[in-house]
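Hello,

I am passing a structure on to you, together with some notes on what turned up in it. Could you open it and keep it in view while you read?

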Amino acid sequence: MSEQTSEKGLFAKIEEKVQVTHIGGVAFILMLLLLVAVLGLNAMPKNMGGALFALVILGGVFFFVGNNTPILKSYLGGGSALAVVAGSAFTAMGLVPHTAVANIKTFISDNNFLEFYIVALICSAILKMDRDLLLKSAVRFLPVAFGAMIIAFIVTSLVGMGLGYDFKHAALYISFPMMAGGIGAGIVPLSASYAGALHQSAGDILNQLFPAVVIANLLAIIGSSLLVKFTTKSKMNGQGELLKATDGMEIKKTTLPEINNRQLMNGMMVALSFYMMGNVLYHFVPKINAFAFMILLVILAKGFNLVPKFYEESAAMFGNMITYATTPALLAGIGLALVDMNKLLQTVTWQLVLCSFVSVITIGIAGGFLGKLFGLYPVESAIAGGMINNSMGGTGNVAVLSASNRMGLIAFAQMGNRIGGAIILILGGLLITIL
């Protein structure tokens, strides 16, 4: 039984016990009507319960429409893309009250449900991998990701010059923001660095960096979805596996036991323990992102067989449950609370869209080509080592991998984002001073 087949079996069992995102028929319609009433009366509780109720219902609607509408499903990223775009549009048009949006933002961002989600996925993705496969993949992946970023930076900056931007603007305000690792850990510190060198307001600079990040992320969602769709039967498609099997290499498949409450709780605590250890190291070395420390710790633990099989299975089971149950809700929350459609439409230009398109295409092709040279599947390396680095960090990673059905690559995506983003921040600070 393949890992993909075993995970589908696990999801079916989860669906029986956790009816969250696929609440059926009449019950869902009644809950949707209740949400409309709650929002219309502005009576949504300002807490986690209110935010979750709204996000699960709206995420379910967006995913159902996106995954069952032919053009959206086949060419525009399906439910993943629609959840982000429609959620943002709902906020921009005032269909969701400001107080409800503020509560959702607090839950997703300030209370950091997004981080909790990513922690669960990282531990699950790493601990359920074959040890030899993980170590060989990690060593080959980072050169691919960094090489793709360098190539995309050069090509996008040159194209920007051809469209009328000078090299400084194309490099610092278009290329770098798209590869800085997102918003909170990316363009926010990047804007502060620019502001200090230019003696300008960090807020004004942030408004100039934001559109490139959002547009590139939306294009990466669509691009990754199309890439998988048109290479389904190709030998370049690893069907979710990153590393190609070579002669003498045996890739072991993980089969998880039947879902049970005890292991779900243990899995959550394993994931949170690694998260805590990452934050302890971050406390002593604040220049390195806590997620980078966490990923390194989980890889080392897996590499040295420090985690007993029972707890590895528990972490994988918990991560799978979180992915299945909350992905539509999380993406709806990203659209509603974190993507400002009004700001985006006010500042977007056709030159910026074209530069973003060139960046996503270039980094995808470069990631796929370099991945093939390093023994990786081109489709998976184009997504996890390429397009994922033109995203909004953790939020963008989830959206891109969800659209391409490659959530198992979240650890590699975070690895490239966090380490590559840190390098971009350093280079941005140096170049803004020099140029």
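This is a predicted model: local features need pLDDT of at least 70, side-chain atom pairs count only at pLDDT 80 or more; totals for chains, interfaces and linings use all residues.

**A ring to start from**

Phenylalanine 167 is partly exposed, as its relative accessible area is 35%.

**The chain as a whole**

How many helices and strands does the chain have? There are 19 helices and 0 strands. Of the 435 residues in the chain, 54% are buried. The chain exposes about 18800 Å², and 67% of that comes from carbon and sulfur atoms. If you look at contacts between residues at least 6 apart in sequence, 79% of them join residues at least 24 apart.

**Aromatic pairs**

Now back to the rings. The count of aromatic pairs comes to 9. One of them joins phenylalanine 153 and phenylalanine 167 edge-to-face, with 6.4 Å from centre to centre and 80° between the planes. Phenylalanine 153 belongs to helix 8 (residues 131-162) and phenylalanine 167 to helix 9 (residues 167-178), so this pair ties together parts that are 14 residues apart in sequence. Is phenylalanine 153 buried or exposed? With 17% relative accessibility, phenylalanine 153 counts as buried.

Next come tyrosine 173 and tyrosine 194, whose ring centres lie 5.5 Å apart with the planes at 55°, so the pair is tilted.

**Salt bridges**

Side chains of opposite charge can pair when their charged atoms come close. The structure holds 2 salt bridges. In one, the side chains of glutamate 312 and lysine 302 meet at 3.2 Å, N to O. Glutamate 312 is in helix 14 and lysine 302 in helix 13, so this bridge ties together parts that are 10 residues apart in sequence. Both glutamate 312 and lysine 302 are buried.

The other bridge is between glutamate 380 and arginine 406, with the closest N and O atoms 2.7 Å apart. Here distant parts of the chain are linked: glutamate 380 is in helix 17 (residues 378-384), arginine 406 is in the loop between helix 18 and helix 19, and the two are 26 residues apart. Glutamate 380 counts as buried at 0% relative accessibility, and arginine 406 is buried at 5%.

**Neighbours in that loop**

The loop between helix 18 (394-403) and helix 19 also holds serine 404. Serine 404 is buried, with a relative accessible area of 1%. Which residues is serine 404 in contact with, leaving aside its neighbours within four places in sequence? They are Ser224, Ser225, Val228 and Ile383.

Asparagine 405 is in the loop between helix 18 and helix 19 as well, but asparagine 405 is exposed, at 56% relative accessible area. Its backbone deserves a look. Most residues other than glycine have a negative phi. In asparagine 405, phi is positive, near 55°. Asparagine 305 likewise has a positive phi, of about 55°, although it is not a glycine. You will find asparagine 305 in the loop between helix 13 (290-303) and helix 14 (309-338), and at 53% relative accessibility asparagine 305 counts as exposed.

**A nonpolar patch**

On the surface, Ile419, Ile423, Ile426, Leu427, Leu430 and Ile434 form a nonpolar patch with about 540 Å² of accessible area together. Isoleucine 419 lies in helix 19 (residues 410-434) and is partly exposed, at 31% relative accessibility. Not counting residues up to four places away in sequence, isoleucine 419 touches Leu142 and Phe146. How many residues apart in sequence are isoleucine 419 and alanine 292? They are 127 residues apart in sequence, and 6.9 Å apart in space from C-alpha to C-alpha.

Enjoy exploring!

Best wishes

Methods: Residues are numbered from 1 along each chain as its sequence is written. Side-chain values use heavy atoms; hydrogens and water are left out. Rings of Phe, Tyr and Trp (its six-membered ring) pair if their centres lie within 6.5 Å; planes under 30 degrees apart count as stacked, over 60 as edge-to-face and the rest as tilted. Helices (H or I, at least four residues) and strands (E, at least two) are DSSP runs, numbered from the N terminus. Buried means under 20% relative accessible area, exposed over 50%, partly exposed in between (1.4 Å probe, protein chains only). Contact means heavy atoms within 4.5 Å. Accessible areas come from the Shrake-Rupley method with a 1.4 Å probe; for residues, only the protein chains shown count as cover. Patches are made of residues with over 30% relative accessible area and no salt bridge: like charges are joined within 9 Å, nonpolar side chains (Val, Leu, Ile, Met, Phe, Trp, Tyr) within 5 Å. A salt bridge is a side-chain nitrogen of Lys or Arg within 4 Å of a carboxyl oxygen of Asp or Glu.
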